[in-house]
Amino acid sequence: MNLVLLLSPILIPTVGALVLMMLDAFQKEDGGLAMPTALLHFTAAAMALALWQRGVPADTSALHGFLAIDKTSLFLDATIALGGGIASLLAGGYLAEHKLDRGEYYPLIAFSTAGAMLLVSASDMLMLFLGLETMSLGVYAMTGFRRGSPRSAEASLKYFLLGSFAAALMLFGSALLYAITGHTDYAGIAEVLHAAPAVVANDAAMALQFETRAKISILAMLLIVIAMAFKVGAVPFHMWTPDAYEGAPTSTMAYMSSVVKAAAFGAFARVMLAVYGDAASAGSAAGWPAMLAWVAVATMTVGNLVALTQTSVKRMLAYSSIAHAGYVLLGVIAAPREGTGTTAYASVLFYLLAYTVSNMGAVGALILAGRRGAESVSYDDLAGYARRHPAAGFAMTLFLLSLTGVPPTVGFFAKFYVIRATLDAGYTALALIAVVNSAVSAYYYLGVLVKMYMRDPAPGAAIATPMRSGYVTVAILTAAVFVVWMGVMPERWLDLAREAVSAATAAAPAAATAGGTTAP
Amino acid sequence: MIITLGHYLALSSVLFTIGAAGFLYRRNALVALMSIELMLNAVNLTLVAANRWLPAVQGDAGTVAPPAPAGHVFAFFVIAVAAAEAAVGLAIVLSFYRLRKTVRTDAADMLRG
C-alpha cells in the first residue's frame, strides 16, 4: 500500500500544523483557527477509520519496523484525533472568552496530536522517544499559554521539569536495552532478550555476561515503567498532575487529561506487551503485572481519597483523572494473561475512548460555566447553576455520571469491562479494591450535582452564568453523542476494540520478520 | 587494562545517577535543566559505546560488514530533541522568572492541595 496513505492519520495533523502556522502568520486578527484545527483532527480520525475499513496490509516492511500501523494504533489514532478535535473546539470558545486567543495555540495542538499518534504507533524505542517528545513539547507550551499568570507559568515549569526527567529515564532504559540486545525495535529486542542463554552465547552478540544482561534488562524495564507511570500520572509519580492541570488553561487541561493520557497508556501497553510480554516477565508473581498491581491500588486509592477533599472542581477532576489512570492500569495488568488477555487489552482501549469523551465533556461543561474574569472552578461557584441553566447543568450531570460509572452512560461499561477482565485474570482482590474505589468516587462527583441542583449561591457570591459559544456547544454535543452512543451499545464498541487488538496480535510475527534496525 | 563495554556502561550509569541526583536535590530550575542534559549525555554515551561493541554483520558470501549505526543515529536524534527541549524549557523558566523574579523551584508553591 502507498506509504503516504498508510501514514495519513499521522501526516494530516503534521502537515496541517505547518499550514496552520502559515495561516496564523498571514492573518490580520487572531482567532478563527479553531474550526480548521478541529476539522483537521476529525479528518485524521476519518482517515484512520477509512484505513481500518480498507484493511491494513500485513506487509508493512516499508516502515522498517519503526512504526506499527495496525488496528490497535488506528483505534488509538481515532481516539486521539477525536479528543484533539473536541479540545480544539473547546479552545476556540475558551481562549476567545478569556482573551487568550493567540493563533499559535492551534498548531501546537496539531503537533501534539501528531506526536501522540507517533507514540501509539511506535514499535521502536527511537520512535517512542520522538513521539513522546513531540507530544510533550507542544503540551508544555500550551500549559504555560496564559503568559501573564504566575500559576500558569508554575504549572508549565513543574510539568516540563518532571516530564523531561521522565523522558530521560525512558531513554536510559532504551539505551540499556540497545546495549544488551543490539536492537532498538521492540520485536528485535524481545527476540534477543528472551532467547535461551546458549543461543545468545553462540551468537557472541555482546561483550557482556548473560547474568549481567539479565540484570540490566530488569533495570531497563524498571526505568521504562517509572517513566510511563510519570506520563500517565500514576501514584507515586503523580505529584505534577494536579498542579499542572489546575494551572493550565482549562482547554489545555482537557487535552492533557484525555489525549495525552490515552496516548501514554497506548504506548505503555504496547511496549510492555511487545518487549516484556513473555511468560517469565509477565506471568510470574514477581513480574511487572504484580508490581503494577501495587501501583494501580495506590493510584486508585490516593486519587479518590484526595479528590474527596478538594474544593475546586478543576482540581477534583485532576485527582479523578489520577484515579481513572488506576482503573486503566487494571486492564494493562490483565493484558499479558494467556486466553483472557485479548479482552483485557480491548477493555483498555475501550476505557481510553470512554474516558476521553467523558472527561472532555466534563471539562467542556466546566468551561461553559465560566465567563471572562469569572471562571467557575470551585464547587461553591456552581451553586444553583443547574436550576438557573437546565441545559448546561444537564450536560455537566451527564458527563459526571459517566465519570462516576452510572449506567447507561459509557463510564459504567468502561469500568465494568476492566473489572471483569481483572477478575478473569484472577486478580480478585484488585477487582474488589476497584469496586470500593468506584463507590468512593461517587461521593465527590455527586457533590457537584448536589451543589448544582440543591444549593443556592451564598449571598454576595458571584453567580455562574454560562458563556455563549458555538464552539463549546458543538464540542459538548459531540462528546455527549459518544457518551450516550457507546453507553447504549457497549458490546459493539467492545467488539471493535477486540478486533483492534486481535489484529495486532496476529500481525506480530509479520512485524518481527519485517527487519530490525540492524538489517543491512 | 582493556576497556570493555562494561566500563562504558558503568561510567554512563554513574553520570546518569549524578544527573538524576542533581535533578532531585537541587532547587534551582536551571541546575535541574543542566542535570537533565547530563542524564541525556549519559544516554548518548551508552548508545554510542553499545554500537561500537556490536558484532560485525556476516554476509552471505563470507563478507563482513560493519554493524548498522543505529546507536549513533539514535544519539543524534537525542541531541536534536534535547536542543528543542532546552529551547522550550528555557522559555518556560524565563516566563516563570519574569513573573516571580526567581528561578528557584521551591518558589513554585502557588498550586498545592
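This is a predicted model: local features need pLDDT of at least 70, side-chain atom pairs count only at pLDDT 80 or more; totals for chains, interfaces and linings use all residues.
Chain B has a mean pLDDT of 90, with 99% of its residues at 70 or more. For the complex, the predictor gives an ipTM of 0.95 and a pTM of 0.93.

Now for the contact itself. Chain A puts in 40 residues and chain B puts in 43 residues. On the chain A side, the elements that give two or more residues are α6 (125-143), α7 (150-181) and α11 (240-247). Which of them gives the most? That's α7(A), with 19 residues.

Here is how the residues split by class:

Let's zoom in on one pair of helices. Two packed helices are described by the angle between their axes and the distance between the axes. The axes of α7(A) and α3(B), the latter covering residues 70-100 of chain B, come within 9 Å and cross at roughly 165°. Angles over 145 degrees count as roughly antiparallel, so α7(A) and α3(B) are roughly antiparallel to each other. The crossing of α7(A) past α3(B) is left-handed.

Which residues meet there? From α7(A) they include Leu157(A), Phe160(A), Leu171(A) and Tyr178(A). Among those in α3(B) are Val78(B), Val88(B), Ile92(B), Phe96(B) and Leu99(B). Glu154(A), Glu85(B) and Arg100(B) take part in this contact as well.

Technical notes:
Residues are numbered from 1 along each chain as its sequence is written. Chains are lettered from A and ligands numbered from 1 in the order in which they are written. pLDDT is the predictor's confidence in each residue, from 0 to 100. Two residues are in contact if their C-beta atoms, placed from the backbone, lie within 7 Å. Helices (H or I, at least four residues) and strands (E, at least two) are DSSP runs, numbered from the N terminus. Axes are lines fitted to C-alpha atoms, for helices over the stretch in contact, and angles run from 0 to 180 degrees between N-to-C directions. Angles under 35 degrees count as roughly parallel, over 145 as roughly antiparallel, 65 to 115 as roughly perpendicular and the rest as oblique. A crossing is left-handed if the near helix is turned anticlockwise from the far one by less than a right angle, and right-handed if clockwise.
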